[in-house]
Amino acid sequence: MNDSLEVTFLGTRFKNPIIVASTDISRTDDRFEEFVTSGVGGIITKSVTDSPALQSAKIAMMEIRDMRQKKVNGNIPDDYYFFSRGGSMIAIEDYIPKAKMQLELAQKNDVVLIGSICASEIENWVKYAKTFEELGFPMIELNFGNPHGEAAKGKLGFLIGQSQEIAAEIVRRVIEVVHIPIIVKLTPQVSDMVSIVKELKKVGVKAVTIMHRYQGLMVDDVNDEPIIGGWAAIGGPWMKPISLANISKVYTNVDIEICGGNGIDTARDIIDFILCGAGIVQIGSALMLRGHEHVNVLIEELKKEIADRAVNNISELKGKVADKIISYKNLGKIPGRKAVFNTTICDVCSQKKCVSRCYFGALKVVENRLTHNEDFCSGCSICHHICDKSAVEIKILN
């Protein structure tokens, strides 16, 4: 064990901040044992549901595409789309027999096991929460973000997460009957996540997971058909900037604990989520695709990340970036920038494509030489990014 990775979340100690998200990873005994012994700090169980349409494992469909939406076969690239349809979950009656074994294995391996619920009827949210507490679970996650919510007859998943009133009522009813900590997993498909978190805090929520996946649509370019039938959940590393924005907004506006998720593939990603305000992080797609062996890679890289910083514990990094964010209301506080050109390189450049990409009129060619009008230059940095000769540097103004 490495104490530098140890964190406390909702009063519970985790040996590290890596949590296996609620995925099919925990569906079978063999896969669960692989991950519970892999070194992770916690595992969230596959969600239990009262929706018969979502209880069959056979409805699960997954498609992995690269960033050009071409099918991935063999090695998983650094960037990818994880596209899945079905959202197959488990009936509570089917999960209860597994629960004792999973809890015992988790305790034996110093792993925090978190129960997950995704119901459509309020009574079942309450009933399942009581069941998890009676089984001995240390905490529960209420899944208000599942992108497959339209499969249920009642409101489920993201359809609950989009309604402050319904979400708050479910939480209030659950908190009335259980005494273990509750985490609420949020959908990104809302206009204002901060407002929703504030409403949930009013009814007693002390932690939220930010965030679940979006619904998306992908087209097969071979036969012009919707991939795996139509709208489906979409995630992958590309989601990271969106998740970080939402985490940092909630962190800076609401006093609440945050579990980060969606877009984590590397140890550097974990660090960034914590820097933006997360206390622990959920990883789903990356572990499903790279296997339990990837956990050890993440842990070793995390140890190095911490050793390279002047901190004793990973928790000391929490919110460091979020605290530095300048809001749109204060754009004038951002230091100015300017482009600096290496004219020795620029003068012999035959393309000078930076001129046609300058939309502020700061660059011109006079007698085949590049001229730069600093009065017009905003320091936007397009010229820096498109120059393939490394002739442009962006400097911060005092």
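This is a predicted model: local features need pLDDT of at least 70, side-chain atom pairs count only at pLDDT 80 or more; totals for chains, interfaces and linings use all residues.
The structure holds 6 aromatic pairs. In one of them, the ring centres of Y81 and W238 are 5.8 Å apart and the planes stand at 55 degrees, so this pair is tilted. The two residues come from distant parts of the chain, 157 residues apart. Y81 belongs to strand β6 (residues 81-85), whereas W238 sits in the loop between β14 (232-235) and α7 (240-253).

## A tilted pair within an aromatic cluster

Y95 and F137 also form a tilted aromatic pair, with 6.3 Å from centre to centre and 50 degrees between the planes. Y95 is part of helix α2 (residues 92-108), and F137 is in the loop between α3 (122-135) and β8 (139-143), so the pair ties together parts that are 42 residues apart in sequence.

Y95 is buried, with a relative accessible area of 2%. F137 likewise counts as buried, at 2% relative accessibility. Together with F132, Y95 and F137 make up one aromatic cluster.

## The largest cavity

The structure holds 3 cavities of 30 Å³ or more. The largest of these has a volume of about 530 Å³. It is lined by 38 residues, and those closest to its centre are S22, T23, H212, R213 and S285.

Several elements, namely β5 (61-65), β6, β16 (280-283) and α9 (285-290), each supply at least two residues of the lining of the largest cavity. Strand β6 is also the element that holds Y81. By class, the lining of the largest cavity comprises 14 nonpolar, 18 polar and 6 charged residues.

## The second largest cavity

The lining of the second largest cavity has 11 nonpolar, 1 polar and 4 charged residues. For the largest cavity, the corresponding numbers are 14 nonpolar, 18 polar and 6 charged.

How values were computed
Residues are numbered from 1 along each chain as its sequence is written. Side-chain values use heavy atoms; hydrogens and water are left out. Rings of Phe, Tyr and Trp (its six-membered ring) pair if their centres lie within 6.5 Å; planes under 30 degrees apart count as stacked, over 60 as edge-to-face and the rest as tilted. Helices (H or I, at least four residues) and strands (E, at least two) are DSSP runs, numbered from the N terminus. Buried means under 20% relative accessible area, exposed over 50%, partly exposed in between (1.4 Å probe, protein chains only). On a 1 Å grid over the protein atoms alone, a cavity is a set of points where a 1.4 Å probe fits but cannot get out, and a pocket is an open set with protein on both sides within 12 Å along at least five of seven lines; lining residues have an atom within 4 Å of a point. Grid points are joined across faces, edges and corners, and a volume is the space filled by probe spheres set on the points. Ala, Val, Leu, Ile, Met, Phe, Trp, Tyr, Cys and Pro count as nonpolar, Asp, Glu, Lys and Arg as charged, and the others, Gly among them, as polar.
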